[in-house]
Amino acid sequence: MKRKYAILSLAIVAGVTASYSLRGAEKVLPVAAKSTAKPSTDKAAKDSTYDQLAFNKAYSVRPLDWPQWGGSWMRNNAPDGENIPAEWEVGQFDSKTGAWKKETSKNIKWVARLGSQSYGNSVAANGHVYVGTNNGAAYLKRYPATVDLGVLLCFDEKDGKFLWQHSSEKLPTGRVNDWPQMGICCTPMVEGNRLWFVTSRGEVVCLDTEGFYDDENDGPYKEEKYTSKDEADIVWKFDMMKQLGVSQHNMCSCSVTAAGDILFVNTSNGVDEAHINLPAPNAPSFVAMDKKTGKVLWTDNSPGANVLHGQWSSPAYAVIGGVPQVIFGGGDGWLYSFRGEATKDAKPELLWKFDCNPKKSKYVLGGRADRNHIIGTPVVFDGLVYVGVGEDPEHAEGVGHLWCIDPTKRGDESHDVSSELAVKKTDLKHPIPHRRYQAVIESEGEVAVPNPHSALVWLYDGYDQNHDGKAEFTEQMHRTCGTVAIKDGLLFVADFSGVFHCLDAKTGVPHWTYDLLSAAWGSPLIVDGKVYIGAEDGDVKVFKLSPEKIEKGSCTLPNEEETTAPLLAKNAMGNPVYSTPIVANNVLYISSQDHLFAIESSKK
Ligand SMILES: [Ca+2]
Ligand SMILES: [Ca+2]
Ligand SMILES: [Ca+2]
């Protein structure tokens, strides 16, 4: 599949090749990383530093747990871990019973059956492992595998034993809101004995992590019809479709985060079946709610009628420049930061917004667009914000952009800190109001001019690494559904065309790139001096955490004569991998489409 699209995407970028190749050839940084950042004047709180141990303590989980997407609200998938294997064998499964044959595996602690399709990422907290999937495994007797459901599974961390399941029946409206077989696509968040997640029915749900094992139906929600041990104990739930008028496109998915008692949620509000009309342009895109009750504290619908397609990003949070900021990726391709607190008037306070697409880029249906929306999660690291743009995987591959933004900027009264402004040639002073499909139409006398309030640190859309004046496939940033991971000044991101990028996090200049030869839906994991990335071909590849290229032909892996990336190993998972690997308590967790593998070195 990929090669066909690769050719297509090269054709699409032909128009931008000139400016692109100039950059690498002249050895100019993507955008000068000037340190123009001025800290905000309202020094209210201490800036967040990346400290997973302190985070876990505050959130009442064990020191080496991994309790939410990206570990903490800063969303950087770079946990502490040691003795994490680079190589493993998943082993064989009995063709009749599906039973796993442990003796045929290597470095596998346990395996748990998932549904037939799994897009959710796992988390591990307080002795449990959770993952979103569909009902293919039919753990509950009342729902045989023929019943399609969104399923959240809870397993015992030590042996993978199934504990309980939360079941979301499919919406009667069908695929426009709740795509068949896709299951639960988000990652839950755990704090103490509570878990929060977004269901495929557009609900925000709080569960008791002990379920009914504590012989208690926790509430306020006590209307569960089934209260056996294998069922989920709901604490509260909030229906975003009914209570906020949200109409999610194809799937509702957000990996929630929280600061103190405030839970932050992207609603997934999007287009209808025809892909043009927005059934609910005034419904919120972003929500802050009370984590303990589900009471809405404020909502925002800034993307509104400018949503291109869907909104499946997840929020990040951090105190930056003395200000608590919650940062949401919008379905309009803009990144929005709000004061991450409850407000007296139930109105959010916008701090800044940033257009993550070049102004001339254009959104068109069917995959030909070079304007995208945000699917990955913004990551906060060392006072900067990182996010890439992408498109629904159904719309194939295309041009992508990866941004590094200074979140201490505020701009003028519009709070627009985009790198450029769209204006008319005849009126350079007044920006053209935000337009849905294309910000600047040159044939109508419009131009993009530099924004004096720009918060841009750098933009990576590609780089002429070999200085030959051409933009080879592996020198381009393509659309991504992925989230970056950062450690030791190195940023890693995979794009949907299958290029894996290692960049300097401060400058956006690539150290090396690698062609995975398969679409990457997920995001990298950095742990124990290594970097892990899964792909649709079912391989999880492992690289050395290093900026150093290797000499061509020196890779010891078969059929890897061409790489200059420091590839250490490839591991076949037996089925496509759409998820992101995580590590908790020195165990590596990877979901394929239908199994969750707990991977641990057998040499202890
Ligand atoms: Ca309970
Ligand atoms: Ca309950
Ligand atoms: Ca080149």
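## Overall make-up

The protein chain holds four helices and 36 strands; both are DSSP runs numbered from the N terminus, helices being H or I with at least four residues and strands E with at least two. This is a predicted model, in which local features need pLDDT of at least 70, side-chain atom pairs count only at pLDDT 80 or more, and totals for chains, interfaces and linings use all residues. Residues are numbered from 1 along each chain as its sequence is written, while chains are lettered from A and ligands numbered from 1 in the order in which they are written.

## Size and packing

Let's look at the whole chain. Its C-alpha trace spans about 70 × 65 × 45 Å along the principal axes.

Among contacts with a separation of 6 or more, 62% link residues 24 or more positions apart; a contact needs C-beta atoms, placed from the backbone, within 7 Å.

## A four-stranded sheet

Now to one sheet. Four strands form an open sheet in the order S16-S17-S18-S19, with antiparallel pairing; strands pair if DSSP finds at least two bridges between them. Strand S16 (316-320) and strand S19 (350-355) are its edges, each pairing on one side only.

Strand S18 (residues 334-339) runs antiparallel to S19 and is joined to it by five bridges. Tyr-336 stands opposite Lys-353 in S19.

Key
Contact = placed C-beta atoms within 7 Å.
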